[in-house]
Amino acid sequence: MIADARSVQAGSPRLQALVEIAARVTIEPWTMSRHMLKRWYEAGLSADDVLHAVALSAYFGHLNRIADAVGVPLDYEVRTLPPHADPMEPAWPEAPKSLSGRAALELTSRPATANALNDWRNYMFHRDAPLTRRQRTVIARHVAVWLGDGGISPPDDLTINPLDDALRMLAHEVTLAPWRLSDASFATLREAGFDDAALFDVCATATSAGVFSRIAVAFTALGQGRASSVDAGIGVS
Amino acid sequence: MALAIIGYEASRGQLRDTYDKMRERPLPPVYRPSHGGSPGIITAHSLDPALIPRVFMTSSTLNGAGPLAWAERELVNATTSRLNQCFY
């Protein structure tokens with residue numbers, strides 16, 4: 001088990017680069033830059049390797065969040081029980097601004113993944129039950145802002161009602177502090193009449209939006225900044 | 001705690017069909033849970049059966065293929081899980 005992923009010494013520059021990519025995708029994808037991409041190439045990763053690691057980490061973040069939302073039990077017997085999540089751990093930061101511009105990497109170079117993600121996205125955002133399409137849009141636009149995804153319209157032009165606000169609060173926890181998910185996270189929406197399937201839909205909409213936005217933000221951020229600029233290294237800067 | 005999980009034995013209809021199809025997928029023995037049922041991360045999606053094939057098709061394209069080696073993919077996944085404080 002990795003005790004502190006932000007300070008992992010992974011054994012080789014290539015593995016260290018993979019740890020850094022996963023950490024940045026998970027915490028602050030907007031901090032990636034052209035300089036980092038160059039450094040990861042020098043560590044032995046190809047563009048396809050970087051793309052794979054970004055998509056994999058974004059995808060695995062979905063599994064983490066769904067597991068937290070339903071409190072899934074362990075599948076395996078383990079010799080050492082895993083630690084409990086610390087609810088006091090600060091939430092991930094929100095992006096200071098939204099990124100737009102030409103992406104350094106494109107999923108088109110990985111067509112099977114691109115097709116699977118498109119199918120997932122179409123399913124998630126083009127239906128009206130349990131959540132309405134409008135509610136899905138509200139959630140996705142907020143998630144995009146928190147992650148710095150300038151490719152999706154911000155929610156500013158939506159008239160937000162109290163129910164939208166409750167959706168936003170749950171989506172915020174799912175996106176930026178999933179380890180805090182508990183019965184209390186669902187209380188407001190339960191009182192508003194949401195059953196378990198509807199609450200799951202809120203979580204799944206938020207975490208799906210997060211997968212797509214994390215990938216988009218990372219690919220865009222990797223095309224920005226000067227290749228020679230100094231970056232802060234791994235972790236929260 | 002939290003939201004409901006409908007396991008294999010309690011599943012009916014679309015969910016049961018989905019679980020059965022997921023069992024037919026090629027899966028390395030190391031990923032097959034010793035309890036013999038559906039892996040918890042699949043049953044975790046039980047409240048939305050139609051989402052399951054979408055999510056795990058994506059998984060197949062990322063966790064079942066290169067260019068990153070198996071151990072490298074596990075490193076990315078473990079780092080992501082640890083940072084998210086997910087200990088499943």
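These notes cover the nonpolar core and the aromatic residues of a predicted model.

1. Start with the core. The largest nonpolar core holds 96 residues. Those with the most contacts inside it are A:Ile21, A:Met32, A:Trp40, A:Val50, A:Trp120 and B:Phe56. Helix 8 of chain A, residues 196–221, gives the largest share of this core, at 15 residues.

2. Look next at A:Met32. Neighbours within four places in sequence are set aside here. The remaining contacts of A:Met32 include A:Ile21, A:Trp40, A:Val54, A:Ala218 and A:Leu222. A:Arg24 is also in contact with A:Met32.

3. Now the rings. Over all chains, the structure has 5 aromatic pairs. One of them joins A:Trp92 and A:Trp179 edge-to-face, with 5.1 Å centre to centre and 80 degrees between the planes. This pair links distant parts of the chain, 87 residues apart. A:Trp92 is in the loop between helix 3 and helix 4 of chain A, and A:Trp179 is in the loop between helix 6 and helix 7. A:Trp92 counts as buried because its relative accessibility is 5%. A:Trp179 is buried too, at 7%.

4. A:Trp120 and A:Phe212 also pair. Their ring centres lie 5.7 Å apart and their planes meet at 75 degrees, so this pair is edge-to-face. A:Trp120 belongs to helix 4 of chain A and A:Phe212 to helix 8, so the pair ties together parts 92 residues apart in sequence. Both residues are buried. With A:Tyr59 and A:Phe125, A:Trp120 and A:Phe212 form one aromatic cluster.

5. Finally, charges over rings. A:Arg127 lies over the face of A:Tyr123, 3.9 Å from the ring centre. In chain B, the charged end of B:Arg16 sits over the ring of B:Tyr8, 4.1 Å from its centre.

Definitions and conventions: Residues are numbered from 1 along each chain as its sequence is written. Chains are lettered from A and ligands numbered from 1 in the order in which they are written. This is a predicted model: local features need pLDDT of at least 70, side-chain atom pairs count only at pLDDT 80 or more; totals for chains, interfaces and linings use all residues. Side-chain values use heavy atoms; hydrogens and water are left out. A nonpolar core is a set of buried Ala, Val, Leu, Ile, Met, Phe, Trp, Tyr and Cys residues joined through side-chain atoms within 4.5 Å. Buried means under 20% relative accessible area, exposed over 50%, partly exposed in between (1.4 Å probe, protein chains only). Helices (H or I, at least four residues) and strands (E, at least two) are DSSP runs, numbered from the N terminus. Contact means heavy atoms within 4.5 Å. Rings of Phe, Tyr and Trp (its six-membered ring) pair if their centres lie within 6.5 Å; planes under 30 degrees apart count as stacked, over 60 as edge-to-face and the rest as tilted. A charge sits over a ring if NZ of Lys or CZ of Arg is within 6 Å of the ring centre and within 35 degrees of the ring normal.
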